[in-house]
Amino acid sequence: MSETIIRGENLEIAYGENVLLRDGNFAVKRGDIFIIMGGSGSGKSSLLKTLIGLKEPKAGRVFIRDEDFYQSDEAKRRQIMQGCGVLYQSGALFSSMTIGENAALPLQQYSTYSPETIAELVELKLALVGLQGYRDFYPDELSGGMKKRASLARALALDPDILYFDEPSSGLDPVSSRLQDELILEINANQGTTIVVISHDVDSILTIGNNAIYLDGNAKQITAAGSPQEWLRNPPNAALADFFKRRRGE
Amino acid sequence: MGLKFCNKDKTALVELEGDMRRFDNPKLAQRMLACLRSSEKVEVRAANLTDWDSTTAAIVYKIMRKVKGVKLVDFPQGLANTVHLALKIDRKPYIAKPDDDFFANLGEDLIERWQGLRRALVFMRRTAVSFWRLLSARAVIRSADWIEALADNGYRALGIVMLASFMTGLILAFVGALQLRLFGAQVYIASLVTIAMVRIMGAIMMGIIMAGRTGAQMAAVIGSMKVNEELDALQTFGLEAGDIVVMPRLVSLALSCPFLTIFADLAGIVGGMLAAVAMFDISPAQYLLYAKQAFAMRDFIIGVVHGGIYGIIIAACGCYFGINCGRDARSVGDAATKAVVSAIVIMIVATGALTWIIEGIGI
Ligand SMILES: Nc1ncnc2c1ncn2[C@@H]1O[C@H](COP(=O)(O)OP(=O)(O)O)[C@@H](O)[C@H]1O
Ligand SMILES: [Mg+2]
């Protein structure tokens, strides 16, 4: 089980003239928990957008399960995306729907399951994220952490084999943040889901990550790729040494 | 392949077999649960299960929730862990949403109304305080906000307001002249249009257009600021939302609406002239003469004052519903709707009241 599931090839990401990343190459293996690290504004969210089909790269290619994403037609892209779950930085729950309806939406949209089966699946997913009993609540009736978990339930709805998280621990207290790490590990272990996480929470990175890249906002490049635990012992460059020291030390 | 079950001597056996991915058979699942209910011991076996996904986990999870004393035998590690993870979290009963109880609803309705009234009073008090601070030059003023508000509520609205009034004058003239012609009195069409536009119609058309255009925009913008917690941020900086958010909008609209009303009056009279000249054989000079005779300064001032009051009503409704907006996208839409509808209703009620007062005390 070490085939490559996501691959970026010579990626260049830019907003107009403002280039964020040049010549980005990396590969994510199936079953990995892959961390995208980097300072604020280094382009992590933009790279994620490129991986989930929301932002076409200026140059280079994105392969997902060996399909060249941006060369595929509309139908193919949609099919590729159905195997991907995304947890947005802000949660992005639909405020006019209850938590249950939010989680049911992708199932109604993309599966042919009967309403009863959809209801059972929603029940299971909400229980998995610890929101049993909140099916009929609207997002604005939940706390920030609960909203995040609800949107995780929605991201899990279609049993994705790739799951993306944009800064999952932002806005969470340390305890919720550890619980969320455990949940990520469980999902990864139980269903073999590949997980890509944007994070600069050092504890979390060291707990869950088995592979990582570091985006350097100044160099506009991926300056390191490898294992974060190894980097902690043996930082490959000054920026990373600083990253670990500063975040851990304080 | 799939789901098998039997129940002997109060000991039930459930077999998961083969490829159970995308299992979707609610009737079978229902029968299985009914069968398990009468048993004391349940064993779920998965020795021959080759593939599973969440639908499989959902079935097992449901069994474990509905029946006690379930044993999982020969389960793949991931599946057993998933089910246990779902069960691990304390089972909360559904937190009951309020029922449709008539009396409870009535009570809540009254409370809601009372709170709405209180919020409105608080809003008025704060606005008055802000206004006083503005007059005594103690308010925080960001000139950019004021310039933007004046431009937006002033000349950018001029075109649409004049167009609407022009059409109103034209229609008024057309419908009126059809009747007046029966008496050969169509020249009086100029008087009719002028009196109507100047006294009230110009102000009303201006008010309706501005409520739909500016009132809705105010509620939506302020509502989004609320959703983004911008209003909270203002407060933590020690700034009053009343000074920064309400005052520029309220004052600029109160100032610009009288002027917009004057332009609306003019456009309406010109619209009437077009109908009169084109369809009823009245010369422009004749029309203007009769219009001038019908024009009364008193009516004109009453109309312009109405315009100013409408401006205050529109801005107050927009700001009030924006500030009291909920915290999600849906409530921003609600706020915009409420701002427009209540502004128009209050404008109509106010017009009635003002007319009664003016005629009553005979200004
Ligand atoms: N939609 C956009 N249009 C233009 N520039 C953007 C846009 N989104 C992000 N940027 C710029 O790209 C840079 C990286 O943003 P982002 O990918 O969100 O960084 P990160 O997630 O690493 O903090 C920032 O400097 C930001 O100003
Ligand atoms: Mg980001």
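User: In this predicted model, how are helix 4 of chain A and helix 3 of chain B oriented to each other?

Analyst: The axes of helix 4 (residues 115-128) of chain A and helix 3 (residues 77-88) of chain B come within 7 Å and cross at roughly 75°. Angles of 65 to 115 degrees count as roughly perpendicular. The two helices, helix 4 of chain A and helix 3 of chain B, are therefore roughly perpendicular to each other.

User: Which residue of chain A forms a salt bridge with B:K62?

Analyst: Across the interface of chain A and chain B, the rule finds one salt bridge. The closest N and O atoms are 2.4 Å apart, and the criterion is a distance within 4 Å. The partner of B:K62 is A:E120.

User: Which element gives the most residues to the side of chain A that touches chain B?

Analyst: On that side, 29 residues of chain A are in contact with 30 residues of chain B. The elements of chain A that give two or more residues to it are helix 6 (174-191) and helix 4. The one that gives the most, with nine residues, is helix 4 of chain A.

User: What percentage of the area buried between chain A and chain B do carbon and sulfur atoms give?

Analyst: The area buried between the two chains is about 2,800 Å². Of this area, the part given by carbon and sulfur atoms is 55%.

Notes:
Residues numbered from 1 in each chain as written. Chains lettered and ligands numbered in written order. Predicted model: local features only at pLDDT ≥ 70, side-chain atom pairs only at ≥ 80, totals over all residues. Heavy atoms only, no water. Axes fitted to C-alpha atoms, helices over the stretch in contact; angles between N-to-C directions. Helix = DSSP H or I, 4+ residues; strand = E, 2+ residues; numbered from the N terminus. Parallel < 35°, antiparallel > 145°, perpendicular 65-115°, else oblique. Contact = heavy atoms within 4.5 Å. Buried area = accessible area lost by both parts, 1.4 Å probe. Salt bridge = Lys/Arg side-chain N within 4 Å of Asp/Glu carboxyl O.
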